[in-house]
Amino acid sequence: MDTPPVISTVNLVKIYQDGGVPVPAVRGVDLRVEPGEFIAIMGPSGSGKSTLVHMLGGLDTRTSGEIWLDGERADTLGESAWALLRRRKVGFVFQFFNLVANMTVADNVELPALLAGASPREARERREQLLGALGLADRAGAAPAQLAGGEQQRVALARALANRPRLLLADEPTGNLDSRNTRDVLKLLGQVHRDGQTIVLVTHDARVAGLADRVVSLLDGQIVDDGALPASRRRPRGGVGDVVELRG
Amino acid sequence: MRPFLLALLAKEPAHGYELKQALEQTFGSAYPSPNIGQIYVTLGRLEKDGLVRAVDVEQSNRPNKKVYYLTAAGREALDDWVDEPTEGPRVRDEFFMKLVLAPMTGIADRMALINRQRRHYLSLMRDLNELAERTDPDNQVALLLIEGAMLHLQADLDWLERCQEDLS
Ligand SMILES: Nc1ncnc2c1ncn2[C@@H]1O[C@H](COP(=O)(O)OP(=O)(O)O)[C@@H](O)[C@H]1O
Ligand SMILES: [Mg+2]
């Protein structure tokens, strides 16, 4: 039998109620994500990107439609079943980090791996590797509040990757980073993707989206484009001049 | 290439091959290195316009080589080039023309045009990502040029998003 898609949604809809007024945020999304795929979700602000990934991670309930994760129906699960499923399968990077305030950076990153059953040694090694890759090795003992926004965001990414989740969901994970820190995040994302990590990531940052295999564009809660990035017309030969020329 | 050669000659007189080497050293991979023929053609034109002058230098057991130096008119042209504000990015590019003219052709759908263009920009971005990864971290000029190209692409993508929002 073929491996089922990591994600499959059928006519997924979310309508918020805002003081009795219905606000349709996601309007009939059919999305399929195969194992190992890296999908970038793009679209203007308010187009439903956050709502969509929150539903995919069970952090927001759907109004109607279906969500399947790894071939199992997920939208009908209750809150605790979702929590269990997330712990087992999903790493989530929130737009606003959500780190545990009274735990050190190191503990924040190790916690999901420990909860998922990793040994303390495994969890520590993975944490050291991730924080190192993100240029945060020397911040391990700090409390989240002592970190700048960009640092907290990278810790949130390390935490989401700590237990090598089946699926990484991320909402604007480079929204608060300067270009040097973005480069570290790009490198890490590229690396885990090459190692087979399935990624669904909301972003405005074209550098991040450029890493993806496929781009899904949302507008007013609907998918208006969904397709693979084309192969370049001409491979750069190694000189920057080629690419710059190719743009000009 | 004219202003580059003038700038190099403002530093010191040089012959064609030295200019080629100096260009390569200055820009690294950030600028496609010109072939020696192009350099001599450009030098010939600069000489005809009175911006550079050449003197023959005798070499033992080899043909004479020409050493070029900057004239006062060349110095002035170089100063004008540096002082002049540089043209901004072209917005009215070919894609923009397609977008404007699409409804008149009756075939091209604007949303499809925008979507295709977005994918194209992102695949260029992927090339730039790969190039940045392959570039020597010490080559600042090359990395800055890549970063500039990335920022331009980001602006193009943001603008596409605006088009999609407003034209839908
Ligand atoms: N909790 C909420 N209550 C009411 N409306 C909401 C809520 N969250 C989001 N919305 C609305 O749903 C739409 C989509 O929002 P969102 O998913 O945050 O978009 P994006 O992430 O693309 O900016 C917007 O119109 C937003 O105002
Ligand atoms: Mg959002």
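Domain bounds here come from an automatic or database domain assignment. This is a predicted model, where local features need pLDDT of at least 70, side-chain atom pairs count only at pLDDT 80 or more, and totals for chains, interfaces and linings use all residues. Residues are numbered from 1 along each chain as its sequence is written, chains are lettered from A and ligands numbered from 1 in the order in which they are written, and side-chain values use heavy atoms, with hydrogens and water left out.

**View 1. Chain B and its two domains.** Chain B splits into domain 1 (2-83) and domain 2 (94-167). Between the C-alpha centres of these two domains of chain B there are 35 Å.

View 2. Around ligand 1 sit A:Y16, A:A25, A:P44, A:S45, A:G46, A:S47, A:G48, A:K49, A:S50 and A:T51 (a residue is near if one of its heavy atoms lies within 4 Å). Sorted by class, that shell has 3 nonpolar, 6 polar and 1 charged residues; Ala, Val, Leu, Ile, Met, Phe, Trp, Tyr, Cys and Pro count as nonpolar, Asp, Glu, Lys and Arg as charged, and the others, Gly among them, as polar. Helix α1 (residues 49-56) of chain A is the top contributor, with 3 residues (helices are DSSP runs of H or I, at least four residues, numbered from the N terminus).

View 3. Look for a ligand 1 oxygen 2.8 Å from a side-chain N or O atom of A:K49, and for one 2.8 Å from a side-chain N or O atom of A:S50. At A:G48, a polar backbone atom is 3.0 Å from an oxygen of ligand 1.

**View 4. The largest cavity.** On a 1 Å grid over the protein atoms alone, a cavity is a set of points where a 1.4 Å probe fits but cannot get out, and lining residues have an atom within 4 Å of a point. The largest cavity holds about 80 Å³, a volume being the space filled by probe spheres set on grid points joined across faces, edges and corners. Its lining includes A:M42, A:H204, B:R118 and B:D158. α7(B) gives the largest share of that lining, 5 residues.

Notes
Polar contact = N/O pair within 3.5 Å; in protein donor to acceptor, adjacent residues only side chain to side chain. Helix = DSSP H or I, 4+ residues; strand = E, 2+ residues; numbered from the N terminus. 1 Å grid on protein atoms, 1.4 Å probe; cavity = no way out; pocket = protein on both sides within 12 Å on 5 of 7 lines; lining within 4 Å.
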